[in-house]
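Work through the following exercises with the sequence and the model side by side, and try each task before reading its solution.

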Amino acid sequence: MAVTDLAAALAEANLSSPMLPENRGDPYRIYRFIREREPIHHAPDGSWVLTRYDHCATLLRDPRFSTNPARLTEGPDPSAMGPVRQVGSSLMMFLDPPDHTRLRSLVSQAFTPRMVESLRPRIQSLVDELLDAVVEKGEMDVLADLAYPLPTVVICELLGVPPEDRDKFKAWSADASRLLDGYLDKAAMDKGMVAGMYLFQYFTDLVEARRADPRDDLLSALLAAETAGDKLAHAELLSTATLLFIAGFETTMNLVGNGTLALLRNPDQLARLRNDLSLVRTGVEELLRYDGPVHVTARIAKEDVQIGGETIREGEQAVAILGAANRDPEQFPDPDRLDVGRTPNKHLGFGGGPHFCLGAALARMEGQIAFDTMIRRLRDMELATSEPTYRDHYVIRGLDELQVRFTARPPRPSATQPQGA
Ligand code: HEM
């Protein structure tokens with residue numbers, strides 16, 4: 001189907017682009033329409049838009065696709081990617097093997113499952129402290145009071161950012177993370193670049209401090225990370241610290257925000273969790289599938305590749321709409337239904353293939369503890385706003401705020417502690 005045909009078909013069905021701010025509330029009916037009509041859509045800017053689960057999963061895993069924006073010869077104006085390329089050229093998410101394999105394995109040595117597990121008691125006490133501060137008031141903004149501070153404090157403590165510096169990061173990170181959004185105007189791009197520079201400068205100073213005086217934190221561990229004498233290059237260390245920082249909370253914050261809204265809009269599923277807190281693990285996976293924080297990622301063909309009968313030519317960009325893939329009925333029965341006990345649930349909320357989210361274990365743990373604790377401690381939680389609004393960001397999907405009301409509950413034991421704890 002030609003480009004204009006899809007645009008006309010959307011218009012005829014009274015629908016418009018899922019990227020438009022007015023469609024933030026429910027992009028899913030548009031995704032469904034596009035997936036059913038033209039699952040591999042050749043967009044006006046030359047890129048390919050994939051909305052089926054199997055196509056997106058293939059794209060993420062096929063080594064004939066690259067994440068390196070420098071390979072882009074078609075699609076969005078490559079000059080617009082210039083500054084992102086400059087700053088991001090040593091970000092692991094924009095590297096291909098063997099550089100990606102080397103960097104990722106070095107970082108993984110410092111970011112082990114054991115290290116993540118050791119954070120559990122601290123994350124639990126943090127969530128408790130954050131809820132202690134609001135529980136008597138009977139109301140809170142889930143974003144400002146829990147979803148934002150939780151991952152920010154966790155990632156700052158993990159990286160070794162001193163508490164007094166944390167506030168500086170809020171605006172920097174919000175602006176810099178917009179660079180991940182391929183759909184930026186010039187002003188937002190400039191703001192993002194400036195914020196990125198501030199973050200780089202901040203981490204440059206902190207790395208020097210840790211080099212002189214190592215501590216028990218991830219930065220010091222990254223400095224020490226070695227495989228067969230292969231140390232992280234200075235630029236890699238800085239970009240990794242910045243990436244972990246941004247990836248570490250812009251996303252997790254929206255898992256808690258989007259997830260709480262989904263549960264409040266599906267009270268039967270909230271009640272299921274309340275009656276059986278052991279469902280919190282499958283529940284968090286389902287929230288990642290149903291309305292996950294990362295909606296889009298992209299790859300560039302290193303050679304001509306066929307997917308679903310279309311040929312993606314070398315240098316062209318293919319965009320995986322993860323949010324659409326996660327609602328594909330071919331993969332998920334009754335995909336628009338929230339089912340906190342859903343198994344199997346091989347969602348693409350954390351991506352797939354070699355770039356699968358490095359922080360998935362941490363994000364899962366933060367999400368599980370946040371939902372478990374909210375459910376145990378807050379009774380009769382309900383929305384205090386009729387129509388929550390979304391941030392002006394397409395790739396990372398999240399709310400501006402989420403006002404809720406509740407009453408405090410007598411404490412109940414947690415379900416998120418590991419077996420035998
Ligand atoms: C709910 C929270 C999170 C979600 C939904 C999420 C989602 C994702 C997705 C979809 C990707 C793959 C992008 C692609 O293939 O193009 C990714 C990669 C990545 N994530 Fe996450 N993420 C989350 C939390 C975190 C946390 C807490 C950290 C670290 C502290 C983190 C660090 C990373 C890194 C470093 C990569 C790049 C991995 C690579 O290129 O090999 N993420 N994430």
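**Exercise 1.** Locate D380 and decide whether it is buried or exposed.

*Solution.* D380 has its place in strand 11 (residues 378–383), where strands (E, at least two residues) and helices (H or I, at least four) are DSSP runs numbered from the N terminus. Residues are numbered from 1 along each chain as its sequence is written. This is a predicted model, in which local features need pLDDT of at least 70, side-chain atom pairs count only at pLDDT 80 or more, and totals for chains, interfaces and linings use all residues. Next, look at the backbone: phi of D380 is near 55 degrees, a positive value in a residue other than glycine. Finally, D380 counts as exposed because it has 9 C-beta neighbours inside 10 Å; a residue is buried if 20 or more other C-beta atoms, placed from the backbone, lie within 10 Å of its own, exposed if 12 or fewer, and partly exposed in between.

**Exercise 2.** Find where D334 lies, and state what its phi is.

*Solution.* Begin in the loop between helix 16 and helix 17, where D334 is found. D334 is not a glycine, yet its phi is positive, at about 50 degrees. With 9 C-beta neighbours inside 10 Å, D334 counts as exposed.
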